[in-house]
Amino acid sequence: MKFWSQFFIPTLKESPADAEIASHKLLVRAGLVRKLGAGLYTYMPLGQRVMRKLTEICREEMDRAGAIELWMPHLHPAESWEAGPRWAAGREIMFRVDSAGEGAAAKLPREPELVLGPTHEEIITPLVKNEITSYRDLPKNFYQIATKFRNEIRPRYGLMRGREFVMMDAYSFDADEAGAAQSYEAMKRGYEAFFKRIGMHAIAVEADTGVMGGSFSHEFMAPAEIGDDDIIYCEASGYAANREKATSALVPADLADAAPVGEVEKFATPGATTIAALEAAPYGVPASAQFKTLVYVGDGQPFVVILRGCDELEEAKLGALGFTLVRPATPEEIEPIMGAKPGSLGAVKGRIQKPDALAGIFADHAIRLIGNGTTGANEDGYHLRNVNVGRDLAVTRFGDFRRVHEGEPCPRSGQPLKSRRGIEVGHIFVLGTKYSERFGAVYTDAEKQTHPMVMGSYGIGIGRVMQALIEQDHDGDGIRWPWAVAPFQVLVTLLDPKDEAAAAVAKTLAEAAERAGADVLVDDRDERPGVKFKDADLIGIPLRLTVGGRGLKEGVVELKWRSAVANQGSTEARKIPLAEAEAVIAAEVSAAAAVAAD
């Protein structure tokens, strides 16, 4: 039991000027965090209580999934990352640690000697390489709950995108892909159990593996309007993917290639360098009948991507081409290869100035819906019509490169796909052997043959989860915490702390709630009732008991739930006879705990 007057809950009436979203405002107003600098926050006592509960539930579910806890350094030798597969891609988000001490300024290295860890694949893999050599020691799964550092260029939304944050990260090692799949499924179930226990609505969606690499992954997304990501889903089939990974059945698998219609014909299009300009008079070519030709650079090699004019490129899908670093080519890079500036580009056979300079020409499946269309002539101010996909385009490979939109047919059911915003709160990957091969993490099998270990990687942003819970469940008065992670579960509001009889009743009820298993806070401040009630709603404690002199004269105390979800009942205040109060409180606490555990 804690007493408000002796605890520290610095609530605020006004929101901070830099807070853009409700959960960020409430984090600060409810006294959960305080900002130190951009992307840097102190967890205040109330916030730390929530973080501790989230951490313990996460730890319990990771242990249950078979993972083993350890602790790795936050400070990493840069050479550990340089030896890995993603130094070039990852260094931009790392904080460097330069030499310190006497003469340091004169000895600053051109490359960092040490970096602060944004994640730990490059640390755990060499460790396991040195400690595990036999198939008899596999599988293994190690995890930690620790601080991470990422040099976010635009920290925002409070804990949603910070430079220092708390994360559970885990790493599995298996002898083969079948074992890795089992470890992955065990962790996926562990994630599902974690999010259910903390009262969060989280959806597992297919996701792009990104710079992490690997064969497949799932993100756990908390639906919320302010989310950075889009979830594409179908209720009929259960299909769900983030927008970077989502696909659709827009192009039928049995679609026959269109026959050519006429010969390729060049026509003048002065000043028409955009899809929209070619749609307008006097040309009148619909975007859905245009081939959009884009030039990108992957790991220093230029390549071409062809889409329909009405489609958008989903850059994350270019990862399927095997490149680590991908960026749009500059006009200065494009013209010598293609023979024209952007706006007049095409991938028609025989019309690319330096085709051998390209790593490939990759076309989205949906261009087959055009069949015969219009594209740039690789000559400034000219386009080509009657361009046939099969006859005329120099396609190296077809693939899925376009952004899927709401309303397109689900790849499983054919029903219209839906879209909603979401916050990424967890991510799991099957990494394969990308890291184990790079670091030489191999094991010896029963026949004395060596093989690289098959890895998985898993993460949950604990601080982000805390804020996402607030974003998912709040109202105009404040936070509505789920029972399992609330900083306190029962608030006993003593209206007149100078009334000794009322204070004695408040203490008795608080002890009854504690015996039933609740964390209890007693508001014994010498404040007006209105202030106490506003603060109670702001900090969001699930169950409030109010003890006042007037009620005691009537022989009652007031019981009120902050959210109907917590007790599957009403949020209306109820008057409880004083003689029955202890038993009622015990029953309400037990019922709420049971609902949370279900």
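Two strands pair if DSSP finds at least two bridges between them. In this predicted model, strand β2 (residues 33-37) and strand β3 (residues 40-43) run antiparallel and are joined by four bridges. Within this arrangement, Lys35 has Tyr41 of β3 as its bridge partner. Two residues lie between the strands of the β2 and β3 hairpin, where Gly39 adopts a positive phi near 75°.

Turning to the chain as a whole, the C-alpha trace spans about 95 × 65 × 55 Å along its principal axes. The protein chain contains 16 helices and 32 strands, and it is divided into domain 1 (32-74 + 117-247 + 419-470), domain 2 (265-399) and domain 3 (478-597). A distance of 38 Å separates the C-alpha centres of domain 1 and domain 2. Of the 598 residues, 49% count as buried. The accessible surface of the protein chain amounts to about 26600 Å², and carbon and sulfur atoms contribute 50% of that area. Among contacts in the protein chain with a separation of 6 or more, 70% are made by residues 24 or more positions apart.

Four of the five residues of β12 are buried, so the strand is mostly covered. On one pairing, β12 meets β22 in the antiparallel sense over five bridges, with Tyr233 standing opposite Lys418 in β22. In another pairing, β12 is joined to β13 by three bridges, and these two strands also run antiparallel; here Ile231 stands opposite Asn242 in β13. The hairpin of β12 and β13 has six residues between the strands, and Gly238 in this hairpin takes a positive phi near 85°.

Lys418 also takes part in a salt bridge: its partner is Glu235, and the closest N and O atoms are 3.1 Å apart. Glu235 belongs to the loop between β12 and β13 (240-242), while Lys418 is in strand β22 (residues 418-432), so this pair ties together parts of the chain that are 183 residues apart in sequence. Glu235 counts as exposed because its relative accessibility is 59%, over the 50% cut-off. Lys418, by contrast, is partly exposed, with a relative accessible area of 35%.

Side chains of opposite charge can pair when their charged atoms come close. Across the whole structure, a search finds 44 salt bridges. Asp228 and Arg156 form one of these, with 3.3 Å between the closest N and O atoms. This pair links distant parts of the chain, 72 residues apart: Asp228 sits in the loop between β11 (216-223) and β12 (229-233), and Arg156 in the loop between β8 (140-149) and β9 (164-174). Both partners are partly exposed, Asp228 with a relative accessible area of 33% and Arg156 at 25% relative accessibility.

A salt bridge between buried residues is found as well. The side chains of Asp537 and Arg544 meet at 3.9 Å, N to O. Asp537 counts as buried because its relative accessibility is 18%, under the 20% cut-off, and Arg544 is likewise buried, with a relative accessible area of 10%. Asp537 and Arg544 belong to a network of salt bridges that also links Asp473, Asp475, Arg480, Glu558 and Arg562.

Definitions and conventions:
Residues are numbered from 1 along each chain as its sequence is written. This is a predicted model: local features need pLDDT of at least 70, side-chain atom pairs count only at pLDDT 80 or more; totals for chains, interfaces and linings use all residues. Side-chain values use heavy atoms; hydrogens and water are left out. Domain bounds come from an automatic or database domain assignment. A salt bridge is a side-chain nitrogen of Lys or Arg within 4 Å of a carboxyl oxygen of Asp or Glu. Buried means under 20% relative accessible area, exposed over 50%, partly exposed in between (1.4 Å probe, protein chains only). Contact means heavy atoms within 4.5 Å. Accessible areas come from the Shrake-Rupley method with a 1.4 Å probe; for residues, only the protein chains shown count as cover.
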